[in-house]
Amino acid sequence: MPRRPLIAGNWKMHKNHLEAIQLTQKTAWALAREDTDAVDVVVCPPFIGLRSVQTLIESDHLPLGFGAQNCHPEPQGAYTGEVSAPMLAKLGCSYVIVGHSERRQYFAETDELVNRKAKAVLEAGMQPIVCVGETLEQREAGDTETVVSGQVRGSLAGLPGDRVAGLVVAYEPVWAIGTGRAATSADAQETIALVRATVAELAGTGPAEAVRIQYGGSVKAANADELMAQPDIDGALVGGASLDADEFAAIVKAAAKHMGA
């Protein structure tokens with residue numbers, strides 16, 4: 001069976017809960033039914049917008065899933081300001097982004113911590129979107145393969161094959177995030193094929209063929225078609241473009257087009 005693409009919008013630290021409602025409505029209106037039949041579409045607002053987005057999606061039966069941008073690895077405890085995976089699951093979240101490059105960069109998150117978070121998300125019955133990717137300095141030094149494969153191994157360590165098959169990996173070249181400088185489709189395919197090969201070494205061929213691997217890094221309507229045409233790219237983790245409903249819907253359409261090809 002072909003892997004079903006996942007287009008996830010990471011809104012980062014944008015939109016209060018009222019603006020989140022508006023953007024969710026606009027996004028749902030912009031999507032075509034035939035596209036959402038072929039592609040999983042998810043929005044990931046800030047924590048404060050999750051309840052409002054959940055209520056809207058469920059009450060209006062919108063063709064969207066929703067997820068969180070982060071979680072704490074422990075299920076509960078004295079961790080002021082944190083949100084646990086069971087809390088998000090109870091709210092109805094389907095996905096949680098873990099190990100985003102901004103979390104790694106600004107909050108010093110390690111592969112070990114990302115691994116703990118991924119396990120917590122799976123234990124709570126949700127799908128982690130596990131992010132990996134190299135910086136510009138690492139890429140220019142020729143270290144892309146070492147860095148990315150090492151992040152995959154560290155972030156997925158100790159997970160059985162069936163758990164690996166059910167999660168999502170997002171390859172996000174750090175040098176392309178928010179810079180407007182996207183990797184070429186050939187660059188993205190080459191590194192995502194490396195991610196899949198690394199997963200195969202860790203968990204076996206079956207899980208590697210089943211796991212969905214997204215590309216993230218200045219994905220826009222203008223480059224989505226070329227990216228989604230690549231054999232190992234199973235959707236996108238979309239940042240800035242997800243804040244524009246029409247732009248985001250065009251990326252979904254590109255993924256759906258190649259799903260039916």
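Modeller: Let's begin with burial: a residue is buried under 20% relative accessible area, exposed over 50%, and partly exposed in between (1.4 Å probe, protein chains only). Take S84, which counts as buried because its relative accessibility is 4%. Before going on, note that this is a predicted model, where local features need pLDDT of at least 70, side-chain atom pairs count only at pLDDT 80 or more, and totals for chains, interfaces and linings use all residues. Residues are numbered from 1 along each chain as its sequence is written, and side-chain values use heavy atoms, with hydrogens and water left out.

Biologist: Where does S84 sit, and which residues does S84 touch, not counting those up to four places away in sequence?

Modeller: Contact means heavy atoms within 4.5 Å. Leaving out residues up to four places away in sequence, S84 touches C71, H72, E74 and P75. S84 is in the loop between strand 3 (65–68) and helix 4 (85–91). Helices (H or I, at least four residues) and strands (E, at least two) are DSSP runs, numbered from the N terminus.

Biologist: How many helices and strands does the protein have?

Modeller: There are 13 helices and eight strands. The radius of gyration is 17 Å, close to the 18 Å that the globule rule gives for 261 residues, so the protein is as compact as a globular protein of that length. That radius is taken over C-alpha atoms, and the rule is 2.2 Å times the number of residues to the power 0.38. Along its principal axes, the C-alpha trace spans about 50 × 45 × 35 Å.

Biologist: What share of the residues is buried?

Modeller: Of the 261 residues, 52% count as buried. As for contacts between residues at least 6 apart in sequence, 74% join residues at least 24 apart.

Biologist: And how do I read a nonpolar core?

Modeller: It's a set of buried Ala, Val, Leu, Ile, Met, Phe, Trp, Tyr and Cys residues joined through side-chain atoms within 4.5 Å. Here the largest one has 68 residues, and I7 and Y215 have the most contacts inside it. Helix 13 (residues 245–259) gives the most to this core, with eight residues. A second, separate core has eleven residues, including Y95, I129, C131 and L237.

Biologist: Which residues other than glycine have a positive phi, for instance?

Modeller: K12 has phi near 55°, and H61 has phi near 50°. K12 lies in the loop between strand 1 (6–10) and helix 1 (17–30). H61 is in the loop between helix 3 (50–60) and strand 3.

Biologist: Is H61 buried or exposed?

Modeller: H61 is exposed, because its relative accessible area is 71%. G204 is found in the loop between helix 10 (185–203) and helix 11 (205–210).

Biologist: How do I read separation along the chain against separation in space?

Modeller: Look at C-alpha atoms. G204 and A165 are 39 residues apart along the chain, and their C-alpha atoms are separated by 9.6 Å. L113 and A183 are 70 residues apart in sequence and 27 Å apart in space, C-alpha to C-alpha. L113 is in helix 6 (residues 111–123) and is partly exposed, with a relative accessible area of 22%.
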